[in-house]
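I opened the notebook on this structure today. Entries follow in the order I looked things up.

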Protein chains: 2
Amino acid sequence: MTEREKTGGRWPTVRGAHATPARATSRDVARAAGVSQATVSLVMGDKWRGRVSERRAEAVRAAARELGYRPNLAARDLRLGRTRTALLVVPALTNEFFARVYAGAARAAGEQGVGVLLYPSPEGIGPARDPFASARSAIDGVIASSMAVDALADLRAGGLPLVMLDSDPAGADASATVNPAIADGVRQVVGHLLGLGHRRFAHLAADVDSWTFRVRARALEAALRAAPDAVLVRTEPAALNVEAGRAAAERVLTAAGPRPTALVCDDDMLAAGACKAARRLGVRVPSDVSVTGFTDLSLATAVDPELTTVRLPAEAVGEAGMRALMAVLGGVPDGAGELPVELVVRGSSGAAVG
Amino acid sequence: MTEREKTGGRWPTVRGAHATPARATSRDVARAAGVSQATVSLVMGDKWRGRVSERRAEAVRAAARELGYRPNLAARDLRLGRTRTALLVVPALTNEFFARVYAGAARAAGEQGVGVLLYPSPEGIGPARDPFASARSAIDGVIASSMAVDALADLRAGGLPLVMLDSDPAGADASATVNPAIADGVRQVVGHLLGLGHRRFAHLAADVDSWTFRVRARALEAALRAAPDAVLVRTEPAALNVEAGRAAAERVLTAAGPRPTALVCDDDMLAAGACKAARRLGVRVPSDVSVTGFTDLSLATAVDPELTTVRLPAEAVGEAGMRALMAVLGGVPDGAGELPVELVVRGSSGAAVG
DNA sequence: CGACCGAGGTTATACGTAAAACCACCACCG
DNA sequence: CGGTGGTGGTTTTACGTATAACCTCGGTCG
C-alpha cells in the first residue's frame, strides 16, 4: 500500500469540497503511453533527439495532453538543485517606479521560464522577517534595489548571486549593477533650464540615503558649474511624497532673498507637491517658476500643468537586472550596465523671468 | 560515490566565481548533533514534545544554527504535496490599487508563513502564457481579480480553490468572494452631492467590463432615484487613464444643453482627467463643477484641487482575500465578504451653482 | 513475574523528477 | 566472424524532507 493511498489526498479536510483531482505524474503518463518514466522525462524535457523514436515521443505527448500532465515543479527543483526563481527586493511595490521595475523583470524572466518572487515589503513583515524563509522555494539569485536598505544585510548573508539596482557601480559588493544614467539626466535637465535663461536654481532633494539620489545632488552641482553665474539653493531633504514636496517648496518660495526661478526636484512626487505649493502661494507655473521632476510617473501627466521630467526606464531596469542575473548564473560575469534616460519636456518648465 | 560528488556542485560553471557554499541539509545537522535525521526533522518542525528530550532538542537547534541550516523547501513541498503558496492574479501591478491589494495579501500571507506568487502581467507574457507553468512551484490556491479577464479561463481549468475579488458574489463560480462595498460608496457620493445642491449629474464611466464598474453604474441610477428632479447624463465609457478621462470630460462639458454640475467618475484617474479638462475649458473646480473619483489613489492628493473620492480599502481586500483562501484551504467554506468604504471629502466637490 | 506502556529515539519509505548507467539490437567494417 | 558504434530504449539512483512503523529500555501493574 502506498503512502498516498493511506493519507488519501492533498487536503483531506476539504476533500470533495473542491475536488483536487490528484494530478497525473510522469509515471502515470508513462503507463498510459506504454513507456518507462525515464522516456517521459526525456520527451517532456525536450532532450529526446536521437534517444526516442518519433512515434513514441508523439505517444508520450498525446498521453500527457490526455491526462493533463504538468511536471511537479517541487520535484524538479529538488532534483536539479535549483529553482529557476529570482528574488526581487524593492522597498515597496506601491511605488510605481518599482512596480514597473517588477513588470520588466517579470517579462524578461517569463521569456526564459524563470519565476520572480518578491521580497515582502518590510513594513508588512514583523521582526522575524527573513527573505529566505518567506521565499517559498529556494532562490537562485537576488535582484535588489539599494533603496531597500534594511534588507541588504540579510541578502548578503545568503551568499547568492546579487544584482544591485540604483547602486554605486564602484562600491557595490555585487555580481553586477544596473542603473539608469542619472547623471546624464541631470545634465539634460540643467541644460534645458539654462537654455530657458534660468540662473537661480533650487534643489528639492529627497531624504532617501541611496546612490541614485546622491548622484542627483552631485551631478546638479557639476552641471551648474557650466554656468558661472548660476546659483543653487539647497533645501532640507524631503520625504518621498507629495505633501513633503509641497511643504519643502513652500519654504523655498517664501524664503528671504531673491526667489529661485527653477525648482529641480528629485522625483515627480516632490515636483507635484512643488506645483501645489506654488499655486497656493499665487506663484504661477511655469511663468513665475519652472518645476522639473524625475522618474516620469503616471502622476506627471495627471497634474496640471504636466511635469517636465526625466523619464527613467523602469521596465528596462527590471529587464536588464534580470538578464544580468541570468548571465551571472550562466557564468558570465556581467559587470555594470547603464541605461539611457530621456528628458521629457512638458508644461511645468518655461522661460525664466526676472 | 554520490551523485553530488560527481557533478561537483550546483552551478559548476560559476563555481568559485561566487562560492555557493553547498547548503547544509538536515542530515548534516543530524551528524553534527549526533542524532538521526528524523530527529532533526521533528525538532525543526516543532513536533518533538514528548518525542525528543530537551537536551537533544537543544543540541539539534545549536547544530542547525551553527551550520546555518535552512530546510530545503522544494523537498518539503514535494514531501507534503503542498506549497503554502498562493497565486495572486491581477491585471497589472502598475495599477496602484492592485499593488496595494498585493501588499495586503502579502502581509496576511506572511503572518501565516504562506508565500504569494504573482501571475505575470499578461501584457508581458507571450502566447504561451500559463499561470501554472510560470508559477515556479505548484500552487495551493488562487486569488484573482475579475478584471484579469483573460486569465480566468485558465484559472478555472486548474481546479484549485479560487477566491475572487471584484466579482459578483452571486454569479462568481468561486470558493469565496471579497468585495469593497461599492454600492454603498456610490450612495455616499451621491448623498454628498445632493446635499450640496447638485441635480445635474454626469457619469464618467470606465470601459472595463467587470462587476465593480457595473455596480457603480447601477448604484448611481438607484441612488439618484431618491431625488426625482435629478438628471443623469451618461458618457461614452473611457479607458482607465487620465488622458481618456480628460477627453471624455471635455465632451461632456462642451456638449449642447445645460452643463452638469457634478461629474461622478468611476476612478480617480478619470477624475484627474476631468479636472484637467475643466481647467482647460475655463470651467472652475469646484465652483463651476464638482468632480468626484473612486479608489483614493495617491494621485488624488497630488492634483490640485485634491479629489473628493471614495476610498477603497485595497490592502484590506488583499488581506481578506488571503484569509478567505486560507479558510477555504482549511476546510471552512468562507462565503462572500464585503468591506466598508469611506467617502473622503476634499477640494474637488462643492456647492452647486446655477 | 510476565505483559504492558510510555518515553525517546532510529530505520525505512515515499513524494516526482532528471539523468547516469546499463542493455539489447542491428548494421557495418576489417 | 569478432569487434565497434549507433539507436532506442529501461533500470536505477539521488535530490532532502516528513512521518509511519519499528525498536529499546525502564518502570508499573495485574
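I call two residues in contact if their C-beta atoms, placed from the backbone, lie within 7 Å. This is a predicted model, where local features need pLDDT of at least 70, side-chain atom pairs count only at pLDDT 80 or more, and totals for chains, interfaces and linings use all residues. Residues are numbered from 1 along each chain as its sequence is written, with chains lettered from A and ligands numbered from 1 in the order in which they are written.

Entry 1, chain A. I looked up the contacts with a separation of 6 or more, and 70% of them join residues 24 or more positions apart. Of its 354 residues, 48% count as buried (20 or more other C-beta atoms within 10 Å of the residue's own; exposed means 12 or fewer, partly exposed in between; C-beta atoms placed from the backbone). I found 14 helices and 12 strands, taken as DSSP runs numbered from the N terminus (helices H or I, at least four residues; strands E, at least two).

Which of its residues are buried? They are Ala57(A), Val60(A), Ala63(A) and Ala64(A). Just after the helix, I noted Gly68(A) with a positive phi of about 65 degrees.
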